[in-house]
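The sequence and structure are shown first.

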Amino acid sequence: MPAESLRFDAVSKRYGETRAVDGVSLTIAAGSFVALVGASGSGKSTLLQTINRLIEPSEGRVLLDGEDVAAGPAPALRRRIGYVFQGIGLFPHMTVAENIGIGPRIAGLPATDVDALLDLVALPRAIADRLPEALSGGQRQRVAIARALAPGAKLLLLDEAFGALDPVTRDALGSEIRALHDRLGLTTILVTHDMAEALLLADRVLVMQAGRIVADATPADLLHGDGGEAAQALVAVPRDQAERLRGIAREQAA
Ligand code: ADP
Ligand code: MG
């Protein structure tokens with residue numbers, strides 16, 4: 001099964017006076033890894049959730065492989081889309097294996113190959129019988145990713161999925177997600193407020209501000225200074241930090 005392409009066609013979502021998403025039109029090529037960056041409240045989660053229909057747009061439509069996501073039943077749509085968010089609810093009373101297999105089981109699909117999925121997300125097979133409470137934060141997040149991919153999803157949506165993790169685990173998991181994306185031929189949208197993470201992992205970075213996409217550029221272009229003011233303000237943060245660290249190292253060496 002090939003990766004899925006995605007198109008937003010003048011998508012807006014209003015809550016009273018608030019325009020959470022404001023006229024977004026955008027095509028995401030099958031197989032690409034896109035980061036969606038922006039301040040808290042800029043509309044990232046709302047836009048992401050119009051894809052799997054957790055949110056219904058006020059206007060516009062979303063097309064998955066050319067087909068309106070609103071056309072068919074939502075459960076079938078959601079099986080094609082892996083969705084992982086921060087503080088994801090693994091079922092606390094279910095084992096790791098039961099958590100990973102729940103989607104296909106509910107849908108009456110063949111049983112999930114739990115061992116293969118644990119291998120995929122670099123978890124030891126021996127944890128299959130554990131409850132989530134007996135896992136580290138990073139391990140839980142890997143289980144959530146395995147569960148998201150269990151029905152054979154080719155589109156992966158990650159909404160601040162690494163937010164609660166320590167920086168070392170977060171960095172490692174980010175790299176592994178990118179490798180997984182390449183290996184499985186996924187289309188991935190990573191929502192993050194961390195521009196460094198976006199630059200390091202994505203093929204393309206979208207910056208969102210007040211419901212609109214205000215920048216759309218490759219990491220290389222952003223690092224060259226392109227992409228506009230809002231994007232450059234975000235790129236300045238990790239760049240300044242890196243320069244300050246280099247400055248400290250130089251002082252110590254002197
Ligand atoms: P982000 O994920 O970038 O932090 P959100 O998509 O969650 O932003 O929110 C975008 C805007 O829409 C914010 O102003 C938020 O307060 C508002 N919003 C989101 N969900 C709702 C809701 N269910 N009811 C009212 N306003 C909402
Ligand atoms: Mg959000």
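The sections below cover conventions, strands, the ligand shell, the cavity and the pocket.

## Basis of the model

The model is predicted: local features need pLDDT of at least 70, side-chain atom pairs count only at pLDDT 80 or more, and totals for chains, interfaces and linings use all residues. Residues are numbered from 1 along each chain as its sequence is written, chains are lettered from A and ligands numbered from 1 in the order in which they are written, and side-chain values use heavy atoms, with hydrogens and water left out.

Helices (H or I, at least four residues) and strands (E, at least two) are DSSP runs, numbered from the N terminus. Two strands are said to pair if DSSP finds at least two bridges between them.

## Strand pairing

An open sheet is built from 4 strands in the order S2-S1-S4-S5, with antiparallel pairing. S2 and strand S5 (67–68) each have a single partner strand and stand at the edges, so one side of each is left without a neighbour in the sheet. In a regular strand, side chains alternate between the two faces of the sheet.

Strand S1 (residues 6–15) pairs with S2 in the antiparallel sense over 7 bridges, and Arg14 stands opposite Arg19 in S2. The two strands form a hairpin with 2 residues between them, where Gly16 in the turn has a positive phi of about 60°. At the other end of the strand order, strand S4 (residues 59–64) and S5 are antiparallel and share 2 bridges; Leu63 has Asp68 in S5 as its bridge partner.

Another antiparallel pair consists of strand S9 (residues 204–209) and strand S10 (residues 212–217), joined by 5 bridges. Met208 is bridged to Ile213 in S10. The hairpin of S9 and S10 has 2 residues between the strands, and Ala210 takes a positive phi near 45° there.

## Ligand 1

The shell around ligand 1 consists of Tyr15, Thr18, Ala20, Ala39, Ser40, Gly41, Ser42, Gly43, Lys44, Ser45 and Thr46; a residue belongs to it if one of its heavy atoms lies within 4 Å of the ligand. By class, this shell has 3 nonpolar, 7 polar and 1 charged residues. In this scheme Ala, Val, Leu, Ile, Met, Phe, Trp, Tyr, Cys and Pro count as nonpolar, Asp, Glu, Lys and Arg as charged, and the others, Gly among them, as polar. H1 provides the largest share of the shell, 3 residues.

Polar contacts are pairs of N or O atoms within 3.5 Å; within protein, one atom must be able to donate a hydrogen and the other to accept it, and residues adjacent in sequence count only if both atoms are side-chain atoms. A polar backbone atom of Gly41 is 2.7 Å from an oxygen atom of ligand 1. A polar side-chain atom of Ser45 lies 2.8 Å from a ligand oxygen atom, and an N or O atom in the side chain of Thr46 is 2.5 Å from one. The protein covers 58% of the 560 Å² of accessible area that ligand 1 has on its own (Shrake-Rupley method, 1.4 Å probe; for residues, only the protein chains shown count as cover).

## Cavity

On a 1 Å grid over the protein atoms alone, a cavity is a set of points where a 1.4 Å probe fits but cannot get out, and a pocket is an open set with protein on both sides within 12 Å along at least five of seven lines; lining residues have an atom within 4 Å of a point. Grid points are joined across faces, edges and corners, and a volume is the space filled by probe spheres set on the points.

The whole structure contains 1 cavity of 30 Å³ or more, and the largest cavity has a volume of about 40 Å³. Its lining comprises Phe8, Leu26, Ile28, Val34, Leu36, Leu47, Leu48, Ile51, Ile189 and Leu206. Strand S2 (18–28), strand S3 (33–37) and helix H1 (44–49) each give two or more residues to this lining, which has 10 nonpolar, no polar and no charged residues.

The largest pocket has a volume of about 610 Å³. Of its 21 lining residues, Arg78, Ile81, Ile102, Gly103 and Arg147 are the closest to its centre. At least two lining residues come from each of helix H2 (74–79), strand S6 (81–85), helix H3 (96–106) and helix H5 (137–149), with S6 giving the largest share, 5 residues. The lining of the largest pocket has 14 nonpolar, 4 polar and 3 charged residues.
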